[in-house]
Amino acid sequence: MTDPQRLTAGDTAPDFTLPDSTGKQVSLSDFRGRHVVVYFYPAAGTPGCTKQACDFRDNLGELDGAGYQVLGISPDKPEKLAKFAEAEQLTFPLLSDPDKTVLTEWGAFGEKKNYGRIVQGVIRSTFVIDPEGTIVKAMYNVRATGHVAKLLKDLKISA
């Protein structure tokens, strides 16, 4: 199994511009000067992705209070993201990368194990980017459940 090119702490976060759930173009560089959490997930509306998105939603106050902007990225089209955001009351930007260019550039798309088989797909990943655009934390193959709590602890936002 070959890993895609992986980003690590200290790397400059690759900039991107993607449409959000309303079709508005959002760039990573729009958030320069702020801490950003970028997370990649396989598909809006699936059980694991819903759990993860709702965990981010439920902890958004703490993250925002500590100066962190959350961005979720998946290969879903903006229309599907809009339905997902509405159904789950998600108030942070969900970005659409249907051709998987950004997913691939960030090492969040490639070969992965799924129920013991090797498949091509989205690798659930989370990145923390500092105000200058440098990756502080790069986490691949994260679990949907409990991940946000661990992230808050790692960032010393909560115990």
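**Cysteines, sheet and cores in a predicted model**

The sulfur of Cys-49 lies 11 Å from the closest cysteine sulfur, that of Cys-54, which is too far for a bond. I begin there, with a disulfide defined as a pair of cysteine sulfur atoms within 2.5 Å. By this rule the count comes to 0 disulfides.

Two remarks on method are needed. This is a predicted model, in which local features need pLDDT of at least 70 and side-chain atom pairs count only at pLDDT 80 or more, while totals for chains, interfaces and linings use all residues. Residues are numbered from 1 along each chain as its sequence is written, and side-chain values use heavy atoms, with hydrogens and water left out.

An unreviewed UniProt entry lists Cys-49 under "active site"; UniProt positions are given in the numbering used here, feature names are shortened, and annotations may be inferred rather than shown by experiment. Cys-49 sits in helix α1, residues 47-58. Helices (H or I, at least four residues) and strands (E, at least two) are DSSP runs, numbered from the N terminus. Is Cys-49 buried or exposed? Cys-49 counts as buried because its relative accessibility is 1%. Here buried means under 20% relative accessible area, exposed over 50%, and partly exposed in between, with a 1.4 Å probe and protein chains only. Not counting residues up to four places away in sequence, Cys-49 touches Tyr-41, Pro-42, Ala-43, Phe-84 and Arg-124, contact being heavy atoms within 4.5 Å.

Cys-54 is also buried, with a relative accessible area of 13%. Asp-55 lies in helix α1 and is buried, with a relative accessible area of 13%. Leaving aside neighbours within four places in sequence, Asp-55 is in contact with Ala-144, Gly-146 and Val-148.

I turn now to the sheet. Five strands form an open sheet in the order β5-β4-β3-β8-β9, with mixed pairing; two strands pair if DSSP finds at least two bridges between them. The edge strands, β5 (94-96) and β9 (135-140), each pair on one side only. Neighbouring strands of this sheet are turned by 20° against each other on average, direction ignored. Helix α1 packs on the sheet, touching β3, β4 and β8 (125-129), and its direction makes about 165° with that of β3. These axes are lines fitted to C-alpha atoms, for helices over the stretch in contact, and angles run from 0 to 180 degrees between N-to-C directions. Strands β4 and β5 run parallel and are joined by 3 bridges. The bridge partner of Gly-72 in β5 is Leu-94.

Next, the nonpolar cores. A nonpolar core is a set of buried Ala, Val, Leu, Ile, Met, Phe, Trp, Tyr and Cys residues joined through side-chain atoms within 4.5 Å. The largest has 25 residues, and those with the most contacts inside it are Tyr-39, Tyr-41, Phe-56, Val-70, Phe-92 and Leu-94. Two or more residues each come from β3 (35-40), α1, α2, β4, α3 (78-88) and α5 (147-154). Apart from neighbours within four places in sequence, Val-70 is in contact with Val-37, Tyr-39, Phe-56, Leu-60, Leu-63, Phe-92 and Pro-93. A second, separate core of 24 residues includes Ala-13, Phe-31, Ile-73 and Ile-129.

Finally, Ala-66 is found in the loop between α2 (60-65) and β4 (68-74). Ala-66 counts as partly exposed, at 36% relative accessibility.
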